[in-house]
Amino acid sequence: MASIVARALVTVDAEKASKQDMELLKKLVMEFKDELDALGVKVDSLDKRVAVLEDNLGGWKIGGQFWFDANFAGGDQESSNYTEGRHDNDFQKDRIRFTLQKQISETTSFYAQFRAGSESAGAGTSGYGDVTQFNLRQVWVDTVLPWDINFRVGRFFLDFEDDHGLYVDNEPIYGDYRVDGFMLQKSWTNFQAKAIIGRNAGFEPGGWSSLTYDESDNEVVENVMNNYMTYALDLTWQPSENFFLGVNGVWLAEDGDVDYVSNSRGEGDYGDVQTYSVYAGYNFTPAIALQAAYYFQDLDNPTVNGNAYATLGSEDSPQAWKVILDLKQDLLKFTALRFEYMQIDNTFFGPNDPYSWEADSATGASIMDNFEYADPEGTSKLFYVRAEQKWNDKWSSYLQYRMVDYDTDWLDDAQNFGIGVTYQYTPAIAFRLAYDHVDYGDDNIAGYSDADHVFQFRTSINF
């Protein structure tokens with residue numbers, strides 16, 4: 001009987017077998033464990049295989065994150081930019097996420113992520129008091145088509161920089177927004193291609209008004225983001241573990257009447273936005289990596305970071321680039337170091353905020369707070385260095401410095417300094433104490449006084 005059980009496990013069709021069959025086989029393995037051992041059958045591996053098959057075919061997986069932040073802010077200004085409600089101090093549920101997963105078959109899976117708390121968009125979703133809304137942040141189904149083409153349908157993130165490890169703590173120059181649509185991915189020996197087609201992008205490029213208006217009576221008619229189709233193609237060549245090179249293009253094609261009204265800045269039509277990039281990375285050793293990315297755009301109607309400065313004759317082919325040197329702790333022993341230098345033309349359309357404080361937080365001051373108001377003919381230059389130390393399995397810490405030169409005579413440069421320490425109490429629970437300080441200078445247009453700072457105590461739970 002033990003031999004029959006062993007042969008059944010080897011020949012079972014995992015995709016066609018029912019959950020009940022898998023449960024029965026697992027019971028038989030447990031029943032005849034001693035006999036299987038006597039026959040020299042690797043019972044542990046069989047147990048593991050049956051458990052995986054049972055889990056994949058029968059069950060839903062639930063997980064999530066919960067972050068609770070206690071922020072003690074203040075400084076030279078009346079209200080703090082570090083807190084969600086511009087208070088001096090606040091306690092808030094910064095992140096609440098739940099994930100739901102199911103392996104439908106060997107080649108098909110389902111994933112959904114729900115969120116609530118301060119990072120959610122929309123009314124009633126702050127991190128204070130009762131959380132009144134629960135939003136579906138991502139949802140998709142993955143499967144495999146003929147010729148081993150991976151296919152995804154649903155709502156997912158378009159973020160090529162993240163796909164290739166071109167940023168860690170901060171945000172990318174372009175990307176990291178959601179689309180509703182389809183994604184096709186195909187891999188060869190050292191070549192990979194990914195194509196995306198979608199719309200309804202959850203993306204307001206750096207200052208897009210979220211509303212459009214009827215020209216006749218200036219009434220709100222729809223959301224800007226719903227008027228664009230998204231087409232994207234990413235091609236990556238990786239001939240070895242040490243080197244990769246790639247190109248991609250993202251085309252936002254307007255297929256609606258996207259006229260905006262922007263206070264006193266006039267009216268206009270955003271038109272199409274075409275964004276292209278070239279990127280590369282080289283690992284000199286497993287502990288030393290050099291990476292770079294270069295962007296250029298073709299804008300139908302140039303703006304300043306999405307604001308209506310088109311009448312100023314802004315540049316319609318802006319560029320942006322960055323270079324990264326990443327040194328792992330294995331090299332220096334006592335710390336890891338990451339250096340980044342970035343330049344962004346002020347008319348570059350749709351950049352995220354790459355240098356907000358601890359970008360994984362929904363709120364926080366940023367050296368980029370003045371960027372969207374800068375000289376439309378200028379270029380902003382940014383520098384970032386981060387030292388991160390992992391002392392043991394329980395303790396870790398970081399130090400970081402950021403600065404930006406706005407390339408505008410009347411606008412002061414901004415600087416930022418931060419330090420933090422984390423204690424991993426259990427594999428699921430961590431406590432972090434951090435301090436952050438930002439200085440906008442006296443001459444800024446973001447409405448802040450000289451400086452602001454915050455002490456934050458974060459409790460994070462992963463389950």
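Reply: This is a predicted model. We may begin with the surface: β11 (243-254) and β15 (288-299) each supply at least two residues of a nonpolar patch.

Me: Which residues form this nonpolar patch on the surface?

Reply: The patch consists of Trp188, Phe191, Trp237, Leu245, Val247, Val278, Tyr294, Phe296 and Trp321, and their accessible area together is about 780 Å².

Me: Why does Phe191 count as partly exposed?

Reply: Its relative accessibility is 32%. Buried requires under 20% and exposed over 50%, with partly exposed in between, so Phe191 at 32% is partly exposed. Phe191 belongs to strand β7 (residues 191-202).

Me: Why is Gln456 called buried?

Reply: The relative accessible area of Gln456 is 1%. Since the limit for buried is under 20%, Gln456 is therefore buried. This residue is part of strand β22 (residues 451-462). Leaving aside residues up to four places away in sequence, Gln456 touches Asp69, Ala70, Asn71, Trp357, Arg432, Leu433 and Ala434.

Me: What makes the pairing of the Gln456 and Asp69 side chains a polar contact?

Reply: The two side chains are joined at 3.2 Å.

Me: How do you know that the buried residues of α1 line one face of the helix?

Reply: In helix α1 (residues 2-11), the buried residues are Ala2, Val5, Ala6 and Leu9. Viewed down the axis of α1, they fall within an arc of 100°, so they line one face. Arg7 and Thr11, on the other side of α1, are exposed.

How values were computed: Residues are numbered from 1 along each chain as its sequence is written. This is a predicted model: local features need pLDDT of at least 70, side-chain atom pairs count only at pLDDT 80 or more; totals for chains, interfaces and linings use all residues. Side-chain values use heavy atoms; hydrogens and water are left out. Helices (H or I, at least four residues) and strands (E, at least two) are DSSP runs, numbered from the N terminus. Buried means under 20% relative accessible area, exposed over 50%, partly exposed in between (1.4 Å probe, protein chains only). A polar contact is a pair of N or O atoms within 3.5 Å; within protein, one must be able to donate a hydrogen and the other to accept it, and residues adjacent in sequence count only if both atoms are side-chain atoms. Contact means heavy atoms within 4.5 Å. Patches are made of residues with over 30% relative accessible area and no salt bridge: like charges are joined within 9 Å, nonpolar side chains (Val, Leu, Ile, Met, Phe, Trp, Tyr) within 5 Å. Accessible areas come from the Shrake-Rupley method with a 1.4 Å probe; for residues, only the protein chains shown count as cover. A salt bridge is a side-chain nitrogen of Lys or Arg within 4 Å of a carboxyl oxygen of Asp or Glu. The arc is that of the directions from the helix axis to the C-beta atoms.
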